[in-house]
Amino acid sequence: MANHGKLRLGVNIDHVATVRNARGGAYPDPLRAARIAEEAGADGITAHLREDRRHISDADIEGLMEVLTVPLNFEMAATDEMQKIALRHKPHAVCIVPEKREERTTEGGLEVAREENKLAHFIAPLRDAGCRVSIFIAADRRQIEAAHRIGAQVIELHTGAYCDAHAEDRLEARDAELRALRDMATYAHELGLEVHAGHGLTYDTVKPVAAFPEVMELNIGHFLIGESIFLGLGPAIVEMRQLMDEARRS
Ligand SMILES: CC(=O)[C@@H](O)[C@H](O)COP(=O)(O)O
Ligand SMILES: NCC(=O)COP(=O)(O)O
């Protein structure tokens with residue numbers, strides 16, 4: 001049966017680090033942002049340690065592991081270097097994401113179906129270490145089935161194409177993306193996978209996704225960090241939380 005309970009909000013703090021790194025110093029501090037997010041009701045913190053360290057750093061991950069009172073969702077590419085870091089820290093969740101050095105942001109979902117054996121071996125030690133393994137994928141039946149076969153406990157559906165279509169006023173495409181997200185959330189839930197979603201979500205796009213009863217967690221970052229310039233981080237998160245709760249109730 002679908003879960004109709006409270007939807008969790010994971011606040012992604014990557015882009016606090018982007019602003020910090022613009023000047024190479026220590027300000028603004030992503031750990032301070034994480035504390036404010038916790039106080040504002042975040043159920044978890046998400047941080048993506050990219051291979052090129054363009055935002056979050058190794059020291060940020062170490063600091064988060066020390067100070068967080070909510071679970072850390074550690075996003076990383078499927079590389080040996082990242083696996084070692086994850087096994088050293090053993091965060092609550094490890095989300096495997098695709099990464100291209102030249103991309104501006106995470107462009108699509110992970111290609112699981114073509115890399116099934118490799119990924120099954122890659123995630124096994126992470127699961128054995130007690131991490132919940134999540135796979136960041138497009139709303140694509142083949143990829144969901146492959147994620148299930150390799151032993152992932154969670155999938156996170158990439159909402160970027162839906163949000164882009166909305167931002168560009170391509171309404172038919174937006175509705176088609178939303179239908180695919182809804183159908184694939186249901187399908188993944190039926191397979192026994194926990195379903196999360198995220199990427200590019202805003203106040204304008206969050207409610208339809210939050211309303212899917214099978215979705216248990218949304219991870220939201222870039223928009224919230226941008227909005228915090230105008231509202232402050234705590235109020236920006238509270239507003240997002242309210243929209244999610246409204247959608248869930250309706
Ligand atoms: C995987 C993902 O969606 C997040 O990590 C988020 O988008 C922030 O990182 P980037 O903007 O660097 O992709
Ligand atoms: N996995 C998605 C995430 O953590 C947040 O993505 P975004 O809101 O920063 O685009």
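This is a predicted model: local features need pLDDT of at least 70, side-chain atom pairs count only at pLDDT 80 or more; totals for chains, interfaces and linings use all residues.

The expected span of a helix is 1.5 Å times one less than its number of residues.

**Helix α8**
- Helix α8 runs over residues 171-191, and its 21 residues should span 30 Å; the end C-alpha atoms are 30 Å apart, so the two values agree.
- Its buried residues are R174, E177, L178, L181, M184, A185, A188 and H189.
- Just after the helix, G192 adopts a positive phi of about 100°.

**What α8 packs against**
- The helices that meet the buried residues of α8 include α6 (141-150), α7 (160-167) and α9 (206-210).
- Strands β6 (154-158), β7 (194-198) and β8 (215-220) also pack against the buried residues of α8.

**Around ligand 2**
- The shell of ligand 2 consists of N12, T46, E156, G198, H199, G200, L201, N219, I220, G221, H222 and F223.
- At least two residues of this shell come from β8, and at least two from α10 (222-231).
- Sorted by class, the shell around ligand 2 holds eight polar, three nonpolar and one charged residues.

**Around ligand 1**
- Ligand 1 has N12, D14, H48, R50, E75, V97, T105, T106, F136, H199 and G221 around it.
- Six polar, three charged and two nonpolar residues make up the shell around ligand 1.

Methods:
Residues are numbered from 1 along each chain as its sequence is written. Chains are lettered from A and ligands numbered from 1 in the order in which they are written. Helices (H or I, at least four residues) and strands (E, at least two) are DSSP runs, numbered from the N terminus. A residue is buried if 20 or more other C-beta atoms lie within 10 Å of its own, exposed if 12 or fewer, and partly exposed in between; C-beta atoms are placed from the backbone. Two residues are in contact if their C-beta atoms, placed from the backbone, lie within 7 Å. A residue is near a molecule or strand if its C-beta atom, placed from the backbone, lies within 6 Å of it. Ala, Val, Leu, Ile, Met, Phe, Trp, Tyr, Cys and Pro count as nonpolar, Asp, Glu, Lys and Arg as charged, and the others, Gly among them, as polar.
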